Amino acid sequence: MLAKIEHGPLMDRVYRHQRHFYDATRKYYLLGRDPMIAGLHPPGNGSILEIGCGTGRNLVLAGEAYPKTSLYGIDISHEMLATATQKIAAAGLDERTHLAYADAADFDPQALFGRREFDRIFISYAVSMIPQWQEVIREAVTHLTPGGALHIVDFGDLKDLPGFTRTALYKWLEWYHVTPRNNLFDVADTIAAQGGCSSEARRLYRGFAWISVVRRKK
């Protein structure tokens, strides 16, 4: 399985050093993460999977917000997983948290975690970095329990920001291999309809951040 992951070495190079100060800097512009976590509302003893768990920052917050849930995370970067493991242990959540190295576009949760479905799955600022992001969303929906929901937060279309700011931000994101998915809501609507699910869209901060929710019927 490791040989199939080609995007991983790139992410390791990008985050080998950044992972040590990633959370301290990203809090100023990875907006919408906390509202997304606050909106998860999993069942009391439910399960939460983060695709692209990075440093583990979001899993820690989810674990604190929903203290009876089981937590799961996958990432394609060994470097990020190393930091996530440390952060989760420091928060005292390691006994109910399970991490694994995997490609979001092609992973088997049954093989990784011994379960196929999750009550909540979320993806935080990762679809803008995953080349096969549409396949990732489509695959994630198949791993929802009945009544489960996929929550995605990422950069929006930025259309309500000043033109100069929008142009500068796009260029800056390009340096970090980030591509905002301006058709995220349309893709989510299509995938939801194809899977008999419902979809919701929420725009934050003048289009800087978008939250998309695909909810499977009970």
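Q: Before we look at the sheet, what makes two strands count as paired here?
A: Two strands pair if DSSP finds at least two bridges between them, and strands themselves are DSSP runs of E with at least two residues, while helices are runs of H or I with at least four, numbered from the N terminus. This is a predicted model, in which local features need pLDDT of at least 70, side-chain atom pairs count only at pLDDT 80 or more, and totals for chains, interfaces and linings use all residues. Residues are numbered from 1 along each chain as its sequence is written, and side-chain values use heavy atoms, with hydrogens and water left out.

Q: OK, so what is the strand order in the open sheet?
A: The seven strands are ordered β3-β2-β1-β4-β5-β7-β6, and their pairing is mixed. At the edges sit β3 (97–101) and β6 (198–204), each of which pairs on one side only.

Q: How many bridges hold β6 to β7?
A: Seven bridges join β6 to β7 (residues 209–215), and the two strands run antiparallel; L204, for example, has A209 in β7 as its bridge partner.

Q: And which strands does α5 touch?
A: Helix α5 (residues 78–90) packs on the sheet and touches β2 (70–75) and β3, where contact means heavy atoms within 4.5 Å. The direction of α5 makes about 170° with that of β3, with axes fitted as lines to C-alpha atoms, for helices over the stretch in contact, and angles running from 0 to 180 degrees between N-to-C directions.

Q: What about α9, which strands does it lie across?
A: Helix α9 (residues 184–194) lies across β5 (144–155), β6 and β7, running at about 0° to β7.
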